Number of protein chains: 2
Amino acid sequence: MTAVAEILAAGDVGAYLETLESTLAQSVARDGGVVADVGSDVLAAGGKRLRPLLVYLTAPPESAPPVAAGVAVELVHMASLVHDDLIDGAAFRRGRASAWSRYGPEVARAAGDYLFARAFAELAEQGDIHGLAVLADACLCLARGEALQRTQAHDPDVTVQAYLERCALKTGKLFEAACVLGSRDARLAGYGLSLGIAFQIADDILDCTGDALETGKVSGTDLREGTPTLPLLLAARQDAAVRAALLGGPLDGVLISVARSGALERSRRLADRYAQRARDALDGHPRRDDLAALTYAVVDRQR
Amino acid sequence: MTAVAEILAAGDVGAYLETLESTLAQSVARDGGVVADVGSDVLAAGGKRLRPLLVYLTAPPESAPPVAAGVAVELVHMASLVHDDLIDGAAFRRGRASAWSRYGPEVARAAGDYLFARAFAELAEQGDIHGLAVLADACLCLARGEALQRTQAHDPDVTVQAYLERCALKTGKLFEAACVLGSRDARLAGYGLSLGIAFQIADDILDCTGDALETGKVSGTDLREGTPTLPLLLAARQDAAVRAALLGGPLDGVLISVARSGALERSRRLADRYAQRARDALDGHPRRDDLAALTYAVVDRQR
């Protein structure tokens, strides 16, 4: 994500992200015990901190950078990763042992709940009632999106519309929340939501193509789990082997069929359209250029 | 719980609990989808609604009954049950198929997250920043208590002090939150915390003695899972078979050894002490009698 690297190179945002990192570390460690250890581990594994970056970039440049809001959205994201890995049985996350494989499912479950609660506690401490309402709504959507992913599993007839709804719930709404928490301006909601959907489509393309060394994840996970992502859905429409694989059939050679079908390019075009839609929502924003650069970066990223 | 039945027979609290039940139903169903279905199922399975009852009883009698706070604490309790059953692999809850065994682990995980988020959304809608801070703190403690239970598992040398800390985190703090949310008076915190600890000790005794038909749970669960509850810890100090069972050894006849050891009576005495401590915190409360009756009821209950 070169464009993101450029944004990060700017002095102010660097200072913000440093403060964010140390505040996150304090937040997860605060109540002690094994859940705090898990939280610190997840934090140390790193991440793009894309959601706090959105909080920062959408905030009015003249006001104090909203650290608590950035911490809260990243905590919710971390909580969802811990619970995702637990339920998916994923042994690794970002090249490290995942929380559940290291500490066991009970602790991972508790740690995920703890990180969610810490997110709300951060905003409650600020007396930020508007932020709490926005965050609760995003968490509700996140949970609904995860459940939707499950009900759509192994179904090659999921419509593109239903897939996009899942992306909006699972990813878009937390991006949206980050932008609303930063800007306190409902007009930025559309930017966040479209950016999140573009991000998720790009993620789903990477899962079909990505190199495990670069992405830190084993590719083909969606196919193995029968998650009907956009590239898999589009390919399944014209390739019986892809369709059969989504239904639970053999997986050998299926990612090659997906690549040959042109589904990756068509998925990319839809990601680009959502990125464009995000840019269209930026009219007159003081950090328009940085926010627009991000829309290109999330689609072009290699990890 | 005869005393509870008597309290419930009083007109006002009956009206409150009816309103609570319908508001809970609306709350869980609100965002639709499979997570709402799970929430409605969990709700329909019933429960004592003890935490909302605490909200009601601790609230000033002259003010409007705090429905949103009652809904929020019960949603957190429901969320924790859904996640508990998922992690424990419990196939049944209150005589019905548990959420995860009916809908699968992914949906159960999402439904638990959804119920947590709905609890925060309820208070956020009321603009209740104090309530949100109290609830977030209780959720943090709940998560820490669950993790502590895991780290104490299969350890017969857990001290009574460490066991009581676990009870306070896992159960006491949400009882405390219910009382603080109802009364908005920190003086009621001690009542709720002590009552919750007494309740948990009674629960742990019931797990050693309870009839599955009456409790709706299979007894001996703690022993099978190696959870060092007070009766098991006390019995293990004088009976090598109980100690070995906690460490993972054979379970046959162990509950009989626990009963013979006198550990149940000693546990009961400690529960009574916490119930007394709860009563001692009630000085001058307008609903002192009802709240005191509850302290006897939680220790005497058969389920």
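C167(A) is buried, with a relative accessible area of 2%, where buried means under 20% relative accessible area, exposed means over 50%, and partly exposed lies in between (1.4 Å probe, protein chains only). C208(A) is buried as well, with a relative accessible area of 12%.

Residues are numbered from 1 along each chain as its sequence is written, and chains are lettered from A in the order in which they are written. Local features in this predicted model need pLDDT of at least 70, side-chain atom pairs count only at pLDDT 80 or more, totals for chains, interfaces and linings use all residues, and side-chain values use heavy atoms, with hydrogens and water left out.

Chain A as a whole contains 17 helices and two strands, which are DSSP runs numbered from the N terminus (helices H or I, at least four residues; strands E, at least two). Its radius of gyration, taken over C-alpha atoms, is 19 Å, close to the 19 Å that the globule rule gives for 303 residues, so chain A is as compact as a globular protein of that length; the rule is 2.2 Å times the number of residues to the power 0.38. Of those 303 residues, 58% count as buried.

One of the buried residues is G70(A), at 0% relative accessibility, and it lies in helix 5 (residues 67-88) of chain A. Leaving aside residues up to four places away in sequence, G70(A) touches Y16(A), L20(A), P52(A) and V55(A), a contact being heavy atoms within 4.5 Å.

In chain B, helix 4 (residues 50-58) and helix 9 (residues 160-183) pack at an angle of about 35°, with their axes 7 Å apart. Axes are lines fitted to C-alpha atoms, for helices over the stretch in contact, and angles run from 0 to 180 degrees between N-to-C directions. Among the residues that meet are L54(B) and V55(B) in helix 4 of chain B, and F175(B) and A178(B) in helix 9 of chain B.
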